[in-house]
Amino acid sequence: MMISIFSMHTYASEIVVITGDEVRFRTQPNTGSGSGTITYLYSGTEMILLDKNISSGNGCGKNWYKVKYGSNEGYVCSEWAEIRVIQDEEILKPEDYKEYSEYLKKVGFPDSYIPKLLELHVKYPNWQFKVMNVDYDFSKLVKMEYDGYSKGWSLLEDTGSYYDGYKSFDSWSYNYLTNVFSNNFTGGGKYWYAASEKTIAYYLDPRNFFNERQMFMFESLSYNKSYHTKEGIELMIKGTFMDGKYSDEDSKKSYADAFIDAGIKYNISPYVLVSRVIQEIGAKGSTIVSGTVSGYEGYYNFYNIKAYGDSSSETIENGLKYAVEQGWNSPYKAILGGASFLGNDYVSVGQDNLYLQKWDVVGPNYANHQYMQNIQAPSTESIKTYNGYRDMGLVNSAFVFTIPVYKNMPDKTELPNIGNPNNYLSSLAVNGDYLFESATTKTDFSLNLDASTTSVDISATKVFSGAVISGTGSVSLKGEKQTIPIVVTAKNGDVRTYNINITRTGEVALSVSEILRLLEIKNDGNYMYGFEVGTDISAIKKNIINKEAKAEVSSFDKNGKSKASGIVASGDKIKIKTNSEEKEYTIIIYGDVNGDGKIAASDYVYIKNHIMDVKKLTSFELVCADANKDGKLAASDYVTIKNHIMDIKKIVQ
């Protein structure tokens, strides 16, 4: 049964919708070094269109679109995006297309499937959607696929550590201490890694691929002569190693002929076969289809069937061994023979679309019979199939899409952050002494320091260069116990904290300022004052040491000569050193202008000569001459000194 809904709308705005997977959102409209990757976008992502007329080239075969995604403006290549016209303030809702919505619900589609299927139906009314009810819990199937890592059931390809965040972080897959992911999985190879459960769940969830391109992973693989044509195949293989070459020198059949013949003979889509070859061995081909491998000359395996091993050479050898067993001694025979394998071993048992050939949900032994290890293969192959239909103008044909529905599906599934997960330190040191010099799982460290230590310098190195460290450098210490956190943030946002627990032991020496405060010795940080005239400098030193036994006190006269005893005079210096600091003060005796430790007639003579411009005082002498402490030198200071000498009124120090 097919129900079509036709509606007329007046549209007012345009958006850009991503139609590929892991499409780069770039800072500039080019793929060169001048354009950074802001993030990766996935099928169905919608963005605001800012400019659709950015010229093609610079790594994009079509125009670039300037878009806004979140708060960022950037560029995407239109090869992996499409413009969609929408009406302002209108969102396609099931109630707007009640009849078809009810039909989808009636045949068994859950509510979460319906909105996107409605959108596709409006654009392609000839498409038909069929439910495949899977009598198995979604989360259990994810776990089963994940636990099959030793068999290489669910792998992903990463040639440059671009997708570390998608990989499994379990110990059998990843070593945090060395930042090395295992690639030692059956059927894998140098660039193949185990996917995480969250990544598997995303690619297993059909709802993530309800867009016009990737919907073709659900297309029936049966041959249909109305739109599976030689012309369409020629468009798909144009520019590949199969373009313009012959699959069989004896019959002179072209590659396109071979794929058409295979499709007809085994009732399988030749477009899917072409996509599978390109997915398996690449557009430029591989030695497995060269016919020149030593010991296997003249044999070919276009679909990498039974091709597995610990190295590329072993993989190719095993694939060609199978080709010899099957008698695939020409490209034509290999193309048809591989189609037979797919038809007989997969399509005929119910795995009749790309999705089901990766995810064996036909049962009864779920996940055991899977043609593909690559969890991303259906999403990428389906785009190639779509492109073939698009180039032939056949996208709105009456395609049948069979879509699995699982028991107990989550509301939605999302990919993890794409960034590397490593947030480990490879070394951590305090004041140059290492707490560890190679990565460790330990995160708490204890350190005992002398009570006099007021700060520490913390340095660290990281296992992965892209991680960010905070908390290093000079850190002040307060109190007897203190925990200093060193936080390492991975590229994917994961945080790991190393705690340095510091205990300061022993008696803490008083600071110089604390000593002077407790002794009530007046000072302003540079000058020391408040001493009675005639006080012996040795008494001042003794009082300081009595207050803080760890202090070292030395004294000098105004000429810098050591002065162990004698009356304190203006210009004398006292140096105080503790185990944490050292300070020096110059002593002021107000009224002692000449620095002899006495207040006498000679001092007011100094003042009188300064006032009468006979001989000017130095800046320090001016401070000492300000006997009344009013901040200026005048005749009143002369009077203050005279009153002190005559015992009329003593100068307050």
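**Close-up views of a predicted model**

**View 1. Buried residues of helix α5.** In this predicted model, helix α5 spans residues 230-237, and Gly232, Ile233, Met236 and Ile237 are buried within this helix. Seen down the axis of α5, these buried residues fall within an arc of 125°, so they line one face of the helix. Gly239 follows α5 and has a positive phi, near 85°.

**View 2. Surroundings of Asn594 in a loop.** Asn594 is placed in the loop between β28 (582-587) and α14, and with a relative accessible area of 16% this residue counts as buried, because the cut-off for buried is under 20%. The side chain of Asn594 reaches the backbone nitrogen of Asp596 at 3.3 Å, and a polar contact of 3.3 Å also joins the side chain of Asn594 to that of Ser602. When neighbours within four places in sequence are left aside, the residues in contact with Asn594 are Lys558, Ser602, Asp603 and Tyr606.

**View 3. A nonpolar patch on the surface.** Ile611, Met612 and Val614 form a nonpolar patch on the surface, and together these residues have about 300 Å² of accessible area. Val614 lies in the loop between α14 (601-611) and α15 (619-625), and its relative accessible area of 58% makes Val614 exposed, because the cut-off for exposed is over 50%.

Note on methods. Residues numbered from 1 in each chain as written. Predicted model: local features only at pLDDT ≥ 70, side-chain atom pairs only at ≥ 80, totals over all residues. Heavy atoms only, no water. Buried < 20%, exposed > 50% of the residue type's maximum accessible area, 1.4 Å probe, protein only. Helix = DSSP H or I, 4+ residues; strand = E, 2+ residues; numbered from the N terminus. Arc of directions from axis to C-beta. Patch = residues over 30% accessible without salt bridge, like charges linked within 9 Å, V, L, I, M, F, W, Y side chains within 5 Å. Areas by Shrake-Rupley, 256 points an atom, 1.4 Å probe, with all protein chains shown as cover. Salt bridge = Lys/Arg side-chain N within 4 Å of Asp/Glu carboxyl O. Polar contact = N/O pair within 3.5 Å; in protein donor to acceptor, adjacent residues only side chain to side chain. Contact = heavy atoms within 4.5 Å.
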